[in-house]
Amino acid sequence: MSENKDMKVFYKHSLANFTQQALMKGIELTEQQIQQLIEYQFQVCSKLDWIELGHDRLEMICTDFLQSPYLTSNNITRVLKSAILYYYQLRSNLDWHTSDYTLCNVIFEIANEHFLLIDSSCFTAMLKKVRDCQ
Amino acid sequence: MKLNKANSLINSTNSHKTKEKLFPLIMKLVNQLNHSQSTSLSRSNYRMILKTIEYMIDHDYSSTKTDIESSFQRGYEQVQIQAQQIQNILSHLQLQRLPYNNIQYRSILNHQIDAFLARCKKGDGLFHYYHTDEDLDYPLLDGIPLDHAMYHLDGTDLVLTYLQRFQLEHEFCVYFYQDISLLIQQFENQRGISVEGLQLSLCEVILIQWLANQLLHHNSIFLTRKDVQVLHHYQGNDEQLKRELRVCFNNLKHYFSSELVNHLTQHFSLIYVRFNQSIQDETDLFICCDDQAEEKIILQNTMASEKDFLEHLQHLEGLDDVELKIHYLQKTSFSITDLVDMLQHQIFVEDELFYFFDTLQTVELASFLLVLNPELCVFHQIRKLDETLWEEIDRQNEWQESFIDYLKRCSAKKKEAIATVLNQLSLLN
């Protein structure tokens, strides 16, 4: 557990760019929501025994979703939390042959195909698509 | 001396500055591990990276204060030098392989060290220097290192320390290269067990035998039953034994390299305890030649009378089953010359002969050879079961032909055993 907390020391997670871009799309994120997402990333990693060292990965996972027409102020926290969860679940099932960049793209594409209603069926579809990309 | 800089660096979890200093190096290694494709990794891999950093920085022996990355790099170079040393020792040992058919011994020379080095040479080899998964289970004089975390080392440090000790003990055994096969054979005969699966240090076996011989002022590693009886006279004279063993250890320097002598002398108390044990409670740590060969020779003098012989022959000819015949021969225990006479009278035919020879012991087979041609062995002439020997043997009868055929088909190991007994018999003649 301590290693994940260590990561907080190394860098400050920032969603500043993402928040700004969201605002331009008319979606306002509160400071509390941002903190929720940052905390959620740590929780997911802890549960999966996973360590994230990239300070920009959270922003990278979230930013793609701004392209989706289905993203609204009401569903943004739920959608992004699911995206974070599925990102790390998939990441821990894959090796370095799949890049973080590819993984983010696949998650967004499949989620968008499902109108951002991300459930377990999406996970299988995402895994299949990632494997096809390899 | 270990500097253990890394411990102070990594374990000081409160040190915010240290973490910040380490982060670029950790990130660099994560990128190396993930081929720059991902910035995240499993907790076990993260620990592996931290341990690698710790291990490499520990191996930076330079006193100059530089940044962590340079220290890591210098440590890495040192560790690579260690790996090269391991490779050199292993190659040297593989060339000097001993005739010791033991699983653990073979495993060290053929698999375990190779597997460790192969892991270090792989793409992500950098992360495998700090730890070894191998058992290193061939015992040295002080036992199996991993059983007791004996050296409190890991990775290249452990493998190199183990291998350097292994090499020294190996060097000691190489001095007795010619005698090892026979000594092992005697060991197996005495204990009734094969050395193949035993966790047995050959160096310890030979050292105890050599010391025993030194006590008796013999220049060999072989003992007879009489020698062992003489050694048992030390029973109760612990002080005298210790004193005389000390003298023997001092004599080591006349025969072996100083490095080897130092290594062996370090284990004096351990060897003394083992030696004393074998003298006190007769646990048979001493290996001595089997006296069986001498007993069988006596059989030659106790031939059956002509009347008895004819009776036995008649009885044997009346038996149909080959197994019954063999059982009768074993029960009645004939002398070797009587047995040859029986065979001349064709008590067995064709295949039965092979079956009969197969039931004989090594010493009996060797005795047959000697009876067939008493001039086969000349004193101090070592014989082998080869083509020249076959030519020297009389093959007039059917059983003689079968006997030679049978010997030719024996395994190399059995042939060697027969030849050994044959040479012993020739000494007694």
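Visitor: In this predicted model, which backbone nitrogen does the side chain of Glu52(A) reach?

Guide: That of Gly54(A), at 2.9 Å. Glu52(A) itself sits in strand S1 of chain A, which covers residues 50-52. Its side chain also makes a polar contact of 2.6 Å with the side chain of Thr39(B).

Visitor: And what is the nearest side chain of opposite charge to Glu52(A)?

Guide: Arg57(A), 5.0 Å away. A salt bridge needs the charged atoms within 4 Å. Glu52(A) is buried and has no salt bridge.

Visitor: Let's turn to aromatic rings. How is a pair of them described?

Guide: You look at the distance of the ring centres and the angle of the planes. There are 25 aromatic pairs here over all chains. Take Phe65(A) and Phe108(A): their centres are 5.4 Å apart and their planes stand at 85 degrees, so this pair is edge-to-face.

Visitor: Where do Phe65(A) and Phe108(A) lie in chain A?

Guide: Phe65(A) is in the loop between H4 and H5, while Phe108(A) is in helix H6, so the pair ties together parts 43 residues apart in sequence. Phe65(A) counts as buried, at 0% relative accessibility, and Phe108(A) counts as buried too, at 9%.

Visitor: How about Tyr86(A) and Phe123(A): what angle do their planes make?

Guide: 55 degrees, with the centres 5.9 Å apart, so that pair is tilted. Tyr86(A) belongs to helix H5 and Phe123(A) to helix H7, 37 residues apart. Both residues are buried.

Visitor: Is Tyr70(A) buried or partly exposed?

Guide: Partly exposed, because its relative accessibility is 35%. Together with Phe115(A) and Leu117(A), Tyr70(A) makes a nonpolar surface patch of about 320 Å².

Note on methods. Residues are numbered from 1 along each chain as its sequence is written. Chains are lettered from A and ligands numbered from 1 in the order in which they are written. This is a predicted model: local features need pLDDT of at least 70, side-chain atom pairs count only at pLDDT 80 or more; totals for chains, interfaces and linings use all residues. Side-chain values use heavy atoms; hydrogens and water are left out. Helices (H or I, at least four residues) and strands (E, at least two) are DSSP runs, numbered from the N terminus. Buried means under 20% relative accessible area, exposed over 50%, partly exposed in between (1.4 Å probe, protein chains only). Lys and Arg count as positive and Asp and Glu as negative; His and the chain ends are not counted. A polar contact is a pair of N or O atoms within 3.5 Å; within protein, one must be able to donate a hydrogen and the other to accept it, and residues adjacent in sequence count only if both atoms are side-chain atoms. Patches are made of residues with over 30% relative accessible area and no salt bridge: like charges are joined within 9 Å, nonpolar side chains (Val, Leu, Ile, Met, Phe, Trp, Tyr) within 5 Å. Accessible areas come from the Shrake-Rupley method with a 1.4 Å probe; for residues, only the protein chains shown count as cover. Rings of Phe, Tyr and Trp (its six-membered ring) pair if their centres lie within 6.5 Å; planes under 30 degrees apart count as stacked, over 60 as edge-to-face and the rest as tilted.
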